[in-house]
Amino acid sequence: MSRIELTNLRKEYGNVVAVNDLNLTIEDGEFIVLVGPSGCGKTTTLRMIAGFEDPTAGEIRLDGSIVNDLEPRDRDLGMVFQSHALFPHKNVADNIVFGLRMQKVGKEEQRRKMHEVAELVRISHLLAKMPGQCSGGESQRIALARTLVTEPSNFLLDEPLSSLDAKLRRELRAECDRLHEQLQKTFVYVTHDQEEAMTLADRIVVMDAGEIVQMGSPIDIYSNPVSYFVADFFGNPAMNLIEGEFVQNGSAEFRSDSFTVSLPEKYKDISPGKGTFGIRPENVQVSKANGGDTRNIGLVEPLGKDTLLYFETAAERPFVAIVEGTESHSSGEPVELSFPGDNMFLFDGTGDRIRA
Amino acid sequence: MSMTMTQKRNVFSVFRYFVLTIWLLIVAFPIFWMVSTSFKPDREWFSWPPVYITENATLQNYLTVWTDFNEYSTNEETKELGQYTQSLQRPWEALGNSTLIAGIATLLAVLFGSVLAYGVSRHQILSEKRMFQLLMLRMVPPIVLIAPISLWYRQIGLLDSIPGLVILYFLTSLPYAVWMSKSFIDEVPREMEHAAEILGASRWRTIWEVVLPLVRSGLVATFLFILILTWSEYLLALLLSKTDVLTLPIELSKYQGSTEGRVYGRQAALSVGITIPLVFVGLLIRKHLARGFSFGMVRR
């Protein structure tokens, strides 16, 4: 049983508030991902849990007892760093047993556990090497092994994959998932990569400017964003977000330089003013020109299973639609776009979601 | 006519080696001249055209400087010189003093300097401004400090004493020690220490097992750098201690007189003797030096 509770956690650097009265309870065995753009306070939060930063105010509880004043080593945590932070002057085996040596585990036991964990993350062939001789992916596996071997109740992972290339990242992401399944320990994972957050998390905590903006399961965050910020952050390609204004002109409408959309019945009482209209590329319906309002396809990007269609708009960002890869389209072709009312997202001038 | 890239590269390479060779000759020549002169008999010291490698090699200079310094020279021609220098020369005592003073001062400077540097690097115990002030301390010409320090030293009885010079050398090399070792400590990523700490290591354990092994080469390089400075320091030694406590550079300066001029052969022989300990220390720690002076030993 291990539960991490953060109560009114706050961190200030001079006049800058890095973490603003954060409240979060992480349940035993949960895989939680803190995600947000750089500077949002996610890493500072993690470092406060680890004990490398003292909170300005607030409490950190592990298993119900306050640990604010405990040294990192007394908190029953393991941590994996972005830079791997392997000891370059010790070979891989010595790196792995470092934690066990600090815990004064017997030599025999050390060896047994080291081989066990090396097996688990598939680095048995590297034990005699120096970290400098290992690749980035191997280094991160070694860093994982070094943490796993001490059997902490909670794992903190600070952007562990962001220094690796895309293919390795996917591979090690799966590895993280597998380890979590196998160990059933609490994982707190920090990343700025929405895709990592979506694929790994039991629960995503979206942070911005030191505060939690939304918390929920990946699918909940994806299909029900609370604000422009969250809507824009999750999804690849990103949600189409068009700045414009809402008008009441007999019926409720959204108007921008590029689009005029009549809003469904549930938004009939929308208050006029500036706002944003959003729709995910996969929800845009593309049909052959049929006497309605047409626009010309710009770039066509076939990805195999899907094809991305780009449309020029008055805004800087092109409008994107995803269609089946089997449909054939060509650049310059006129098509009609329609937006199903259930998949529209509307945001007011401050970026908050407008709900019907 | 245009050259291919390879040709251009070759021309550049030849040019580079040419320049480096000239530079090497310029730097190495005084050392060669020192060694060469130390084996010359006295009539060749000033001869023209100069004798580069003597055919009458003799150990007389070494014997006079290092062993017969209390005897009159057997050579009639230099009898006068021998008389002049005889009573003042104490090379072995100077060697002992220099070893003691430079050794202790350098050790202290590196020890305190690196601890201070760790505090600055990790906990900002000195602001950037203070760090610069520390370095400015080195910019002060030593000569302006001599008067107040010698007055003060006389009062507290440190004038012409070994502790007096040790303290002064320690203080004047501390800025170098702090700045140099800080540059090495800065290279050890903070995360590496955090990794050790969260794996259960205490602060001291972390410094001992993680930081120290990574900065060892740098500290050794710092040690040698400061040792060279203190070993050959002349001005402070001359003015703060000349009668009781004699160091090697002072001893060296005594082989010249107002009428006789420089006694080159003897000075050269003494110089060789002064240089050898430094070369020896350099050889002992050479595997650290290449890494230490390249300022980039931590692979991330």
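This note describes two interfaces, one between chain B and chain A and one between the two domains of chain A.

1. Basis of the note. The model is predicted, so that local features need pLDDT of at least 70 and side-chain atom pairs count only at pLDDT 80 or more, while totals for chains, interfaces and linings use all residues. Residues are numbered from 1 along each chain as its sequence is written, chains are lettered from A in the order in which they are written, and side-chain values use heavy atoms, with hydrogens and water left out.

2. Extent of the chain interface. Chain B places 19 residues in contact (heavy atoms within 4.5 Å) with 26 residues of chain A. The buried area, meaning the accessible area (1.4 Å probe) that two parts lose on being put together, summed over both, is about 2000 Å² here, and carbon and sulfur atoms give 64% of it. B:Glu191, B:Ile198 and B:Leu199 supply 36% of the area that chain B buries against chain A, more than any other three residues.

3. The interface holds 3 salt bridges, each defined as a side-chain nitrogen of Lys or Arg within 4 Å of a carboxyl oxygen of Asp or Glu. A:Lys90 and B:Glu209 meet in a salt bridge through their side chains, at 2.8 Å from N to O.

4. Helix 8 (190-198) and helix 9 (203-231) of chain B each supply at least two residues of the side that touches chain A; helices are DSSP runs (H or I, at least four residues), numbered from the N terminus. Helix 8 gives the most to this side, with 7 residues.

5. The two domains of chain A. The domain assignment, automatic or from a database, gives domain 1 (4-227) and domain 2 (237-354). Their C-alpha centres lie 39 Å apart. The contact takes 6 residues from domain 1 and 8 residues from domain 2.

6. The domain interface. The area buried between the two domains is about 530 Å², of which carbon and sulfur atoms give 43%. On the domain 1 side, A:Tyr222, A:Pro225 and A:Ser227 lose the most area, together 75% of what that side buries.
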